[in-house]
Amino acid sequence: MLHVPRAAFAVLLVLPALLALAPAAAAKPRLQAPSSAAVGHGFTVKGSGFAKRSTVTLSVGLPESDAEFVARVRTDARGRFRSVQRFAASGTWVWVASGRRASGATRSVTVTRRMKVRSGVEIWFTPRLGVTAGTPFQIHSRGWGNRRVRFQAKGPGSKRWRTVGSTMGEPGITSWGLLPDNPVFNPRTRAGDWTIRACTSSCREKRPATRMAWATYRIGEP
């Protein structure tokens, strides 16, 4: 029978306990997003393993190309973040998240996630290129199904969305006419590139279930 000295036996008992108390290695930074989505449909981008209460930069671009800035998000006390996003065009895209590691070191880390985006909701106008202020035009959209669609507009340099109308979505094309007496588009409307969007769920951008299509439209001097 193998004889184990009493002192050695005590070490064997204590060692597993010490291992159990050893701090776990810092989680590796991760970026999560659906593998596929549809244009204008909301989805959630999630990250983990970053420094707690730090800023992470989200960018997106085509494969083998430079990514463009999308948003800066703040991590929580566990180094996680989540952000609702939408694509305006189909294709294969690559998300890029850049921030500090969870270890608290100043070293930064970049992680990526590839997504395929298929056709979804869309919006266009008649006349297609633009009108002078006070001239009637139509908004056309599709991809909504049997959902109420709200149309909103934002003037050049403005951050405020103004509702111009709403209607129930059609199986095919859903349209809305903008008349000269519309309070948003009238002869006093400021000229420039306006952003016009169609959306569901009262246009709540941070809700993943919200569908949204947007485009710019030129309003000229009356």
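## Salt bridges

R218 counts as partly exposed at 45% relative accessibility, a class that lies between buried (under 20% relative accessible area) and exposed (over 50%), computed with a 1.4 Å probe and protein chains only. The side chain of R218 meets that of D193 in a salt bridge (3.2 Å, N to O), the term standing for a side-chain nitrogen of Lys or Arg within 4 Å of a carboxyl oxygen of Asp or Glu. Because D193 lies in strand β15 (residues 192-199) and R218 in strand β16 (residues 212-220), the pair ties together parts that are 25 residues apart in sequence; strands here are DSSP runs (E, at least two residues), numbered from the N terminus.

A search of the whole structure finds 4 salt bridges, among them one between E122 and R142 at 2.8 Å, N to O. E122 belongs to strand β9 and R142 to strand β11 (residues 137-142), so this pair links parts 20 residues apart in sequence.

## Basis of the model

This is a predicted model, in which local features need pLDDT of at least 70 and side-chain atom pairs count only at pLDDT 80 or more, while totals for chains, interfaces and linings use all residues. Residues are numbered from 1 along each chain as its sequence is written, and side-chain values use heavy atoms, with hydrogens and water left out.

## Strands β3 and β6

Strands β3 and β6 pair in the antiparallel sense over 5 bridges, pairing being assigned if DSSP finds at least two bridges between two strands. V45 stands opposite S83 in β6.

Note on methods:
Helix = DSSP H or I, 4+ residues; strand = E, 2+ residues; numbered from the N terminus.
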